[in-house]
Amino acid sequence: RTPHSTRRAMSRAWWERPLPGADAFAGLCSDVGDVVRCGPSGDEAGGGRGLFATAAVAKGETIFRESPAVLVQDPRNRAETRACGCCHAMLAEESPSVAQPSCAWGCGERYCDETCKEKHVRRLGHRVFCVGPLDSWDHPIAALRLEAARDDDQDGLLAFVQEMVARVLHETNAEMERRGTDERTADDEEDEDAVVAAAVEKASLAWFVKGGESKTSPLAPSSPRCLTMASLVANASKAAIDDRENDRFITHVTCGNQNRLSSTDGDATEDTKKKEKRRRRLRAAAALLFDARGVSALATLATRNQLSVVVVRNDLLKTQETKTYDGLGVFPLTCLMNHSCAPNAETLFDDGFDDEAVRVSSTAEASAPRARVVALRDVAAGEELTHAYVDVTRPAEVRAAALAGFGFKCGCERCARARGG
């Protein structure tokens, strides 16, 4: 066996693992009709990848639509627009004719239907940080949720980090269960790293560029904001893992080869032992995932990839009221598109809902928000698709300062001309 200390030095933190190659995106491209492909791009700081049209596209045409990997409603928008806690479709006001399922633990989260309710718990880890069972706002989970809701920095970042942490912890538990063992010794660190990497991939975060923040960045691991977020995340994660009363995600531990535990004292004791072993492994995984460096990586993943998702809906439940959904999302294919100050495409957002269906529906919920990439000019087959990360109507020096936050210097023709190139 490789010595313990050597293997730890050889292991890679999840944020240091290489980005997926172009071939890894083939399935996602197929999902949108193979109208685009991933390929190498000259922007090495942006991951060295880009998105390319596979056929000619006329100006004004929709190139593709894409659902988000992660979408979080802006905390400031939640008070004015009710959206499904799972798919984020805007919901009509509840009435006797419009009944909406809600979180069984009583946190107040509402859903389109039972399918979304079930998915939020079983696939997206809602219960990890659910405040429903809590009787005090001093609880670490409540403290994290309150800080995210306050959104003092008015950028929704902590809410986004909170969502990603919950999903990864949920997937870490599921991956441990899939691997079928809760024994952990000093020789198991390579397996722990593999569990963490698999959980990050299952949570749909492995697609995206991470890191790149300087030591003076507001999101650097040693920055006050990152240290505060890391402390909130660590305390809430520990509290969720140690919650023996509610079993927030430790719900499928088996005893021997049985899927359902019997009621004998021996089996109950064995079940308790297995749960405690799982908790120890989850604590170890959380330490790998969410120290200050890990939280910094999650925060920079968000800031370097997130898109501001704004969807306006009219005529919910046959009224003429206009509602606006405002959130932050990351989209694997759309986020592959590199920046240009003279882009050939733009990214819009809609809910893909048929207005006629709204007029005749008794429930009238909108559909989930999606990104829609539209050609700004004629695009040739094989041409790289680009969109603007910043306001391209601003002067070149202002654009350059804004783009510095994404970790690169724009080399498009407009910027080159502005620099006298």
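Biologist: In which sense do E7 and strand E10 pair?

Modeller: Bear in mind that this is a predicted model, where local features need pLDDT of at least 70, side-chain atom pairs count only at pLDDT 80 or more, and totals for chains, interfaces and linings use all residues. Residues are numbered from 1 along each chain as its sequence is written, and side-chain values use heavy atoms, with hydrogens and water left out. Strands are DSSP runs (E, at least two residues; helices are H or I, at least four), numbered from the N terminus, and two of them pair if DSSP finds at least two bridges between them. E7 and E10 (residues 384-387) have 2 bridges, and the sense is parallel.

Biologist: Which strands stand at the edges of that sheet?

Modeller: The sheet is open, with 4 strands in the order E1-E2-E10-E7 and mixed pairing. Two of them have a single partner strand each, so one side of each is left without a neighbour in the sheet. Those are E1 (36-40) and E7 (338-339).

Biologist: Is asparagine 305 buried or exposed?

Modeller: Asparagine 305 sits in helix H9 (residues 292-305). Beyond its neighbours within four places in sequence, asparagine 305 is in contact (heavy atoms within 4.5 Å) with Phe208, Val209, Gly329, Val330 and Cys335. Buried means under 20% relative accessible area, exposed over 50%, partly exposed in between (1.4 Å probe, protein chains only). At 6%, asparagine 305 is buried.

Biologist: Which backbone oxygen lies 2.7 Å from a polar atom of the asparagine 305 side chain?

Modeller: Look at helix H9, where asparagine 305 is found. The oxygen at 2.7 Å from that side chain belongs to leucine 301.

Terms used
A polar contact is a pair of N or O atoms within 3.5 Å; within protein, one must be able to donate a hydrogen and the other to accept it, and residues adjacent in sequence count only if both atoms are side-chain atoms.
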